[in-house]
Structure formats: structure tokens, C-alpha cells
Amino acid sequence: MTNPLLDHLLSAPLFIPELHTDDCDDTSCVRCRTLTPANLYEVDTWLDNRNVFTKQFTESVDGELIVTGLRIGERPNHVVAKFGNTIVRHYDGRHTVRPTDHPTGELSSAQWNARYPIGTPVKAYPGVYGEDGFTTWTTSRAWTLGGHTPVAIVENYSGGIALTHLDPIEVSS
Ligand SMILES: [Zn+2]
């Protein structure tokens, strides 16, 4: 007895779309992942499990030292993946970085502050993004919490909320 789906999977073991990003068609790619502030630790662990040396990559932004990506491999043969870049694991065990075709859209605190002043109306989602949101406005500039997560404070909620959980509301003047 044959199982058509199983036969198909076994005959095409390299075609595992959920392990790739950006419609990846790199045949030397085992798996590729787009690095974001939200998955930094998960990706770090993914590399650590292959005994790949990693170190958080920091840069000075507006005088503030913040994590902007991950250094992969020992110097001098290392590569740097910035947030928004995609890390590619090749069949020969090497890792390379490619720019992301579809940027994550995540803003750094400096980018947010340049675009959205204090008092910007936002829809805030303190828990799961897209669920139980409420309309409010920012009462602080954005800053980088713990060196990796850009957050801001809003009216009617205590504690910073990740910028990825704040949707600015466009106001037509
Ligand atoms: Zn890939």
C-alpha cells in the first residue's frame, strides 16, 4: 500500500518550504532564517547547536550601544547578520548572509523617534499582536530595552511595549 503524500515527500526531501524564507531557491541551502530582534535568541541557539561560534553584534546608535545583529563564526572568517538579513546554512556547513527581499519592517528606536514624536496615536497590543489592542498614544520616546528590543511607553498601560506591537494611527490633518 502506498501513501502518495509520503512518496512525494520522500522523493523530494530537499523541498521543505517552511524552512526557507524569501522564496529561497538556493540549492546549497539547508535552511535559511531571517534574523529579527524577536528571534535573536532562538537563532543564536540554532547556531550554537551546530557548534557555530556566535556573538551579539553591537553598534553605537545615537550614542547608545545596542545590539543590531549577530556575528557568526570565528574571526577572521566570520560573517555579520544584521536584523532583517537572512542567515543561510549551507550543506557544507558554512553560513552566509544575504539581504532580505522582504524586510521585516521592524524599526530601531532611533528610526521610530525620527518618524513618530511623543504623543503619536497608536493601536497598542501589549500581549499577542493583533489581539485585544487598544487605541492610545505614546508618552515616551522609544528606547532599546535590554540592548535588543525597541520599546515605547503609552498612555493607560504600565511598562514599555515593543514597537512591533504598536501600530501608529495615520491621522489626516
Ligand atoms: Zn533557504
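Start with strand E5, residues 86–90, which is mostly covered: four of its five residues are buried. Buried means that 20 or more other C-beta atoms lie within 10 Å of the residue's own; exposed means 12 or fewer, partly exposed is in between, and C-beta atoms are placed from the backbone. Strands (E, at least two residues) and helices (H or I, at least four) are DSSP runs, numbered from the N terminus.

Two notes before moving on. This is a predicted model, where local features need pLDDT of at least 70, side-chain atom pairs count only at pLDDT 80 or more, and totals for chains, interfaces and linings use all residues. Residues are numbered from 1 along each chain as its sequence is written.

**Stop 1: the sheet around E5**

Five bridges join E1 to E5, and the two run antiparallel. Pick Thr34 and look across: its bridge partner in E5 is Thr86.

Select Ile87 to find Val97 of E6 opposite.

Show the three strands together. They form an open sheet in the order E1-E5-E6, with antiparallel pairing. E1 and E6 are the edge strands, each pairing on one side only. From one strand to the next, the twist averages 25°. Two strands count as paired if DSSP finds at least two bridges between them.

**Stop 2**

Select strand E7, residues 121–124, and E12. Three bridges join these antiparallel strands. Which residue in E12 is the bridge partner of Val122? Click on Pro168.

Bring in E8 as well. The open sheet has three strands in the order E8-E7-E12, with antiparallel pairing. E8 (134–137) and E12 (166–168) stand at the edges with a single partner strand each, so one side of each is left without a neighbour in the sheet. The twist here averages 35° from one strand to the next.

**Stop 3**

Go to Pro76, in the loop between strand E3 (64–72) and strand E4 (79–82). A cis peptide bond joins Arg75 and Pro76, with omega about 0°.

Next, select Asn51, in the loop between helix H2 (40–48) and strand E2 (54–61). Asn51 is not a glycine, yet its phi is positive, about 60°. Is Asn51 buried or exposed? Asn51 counts as exposed, because it has 7 C-beta neighbours inside 10 Å.

Then jump to Asn156, in the loop between strand E10 (149–152) and strand E11 (161–162). Asn156 also has a positive phi, near 70°, and is a residue other than glycine. Asn156 is exposed, with 10 other C-beta atoms within 10 Å.

**Last stop: the whole chain**

Zoom out. The protein has three helices and twelve strands. Of its 173 residues, 18% are buried. Two residues are in contact if their C-beta atoms, placed from the backbone, lie within 7 Å. Among contacts between residues at least 6 apart in sequence, 40% join residues at least 24 apart.

How values were computed:
Axes are lines fitted to C-alpha atoms, for helices over the stretch in contact, and angles run from 0 to 180 degrees between N-to-C directions.
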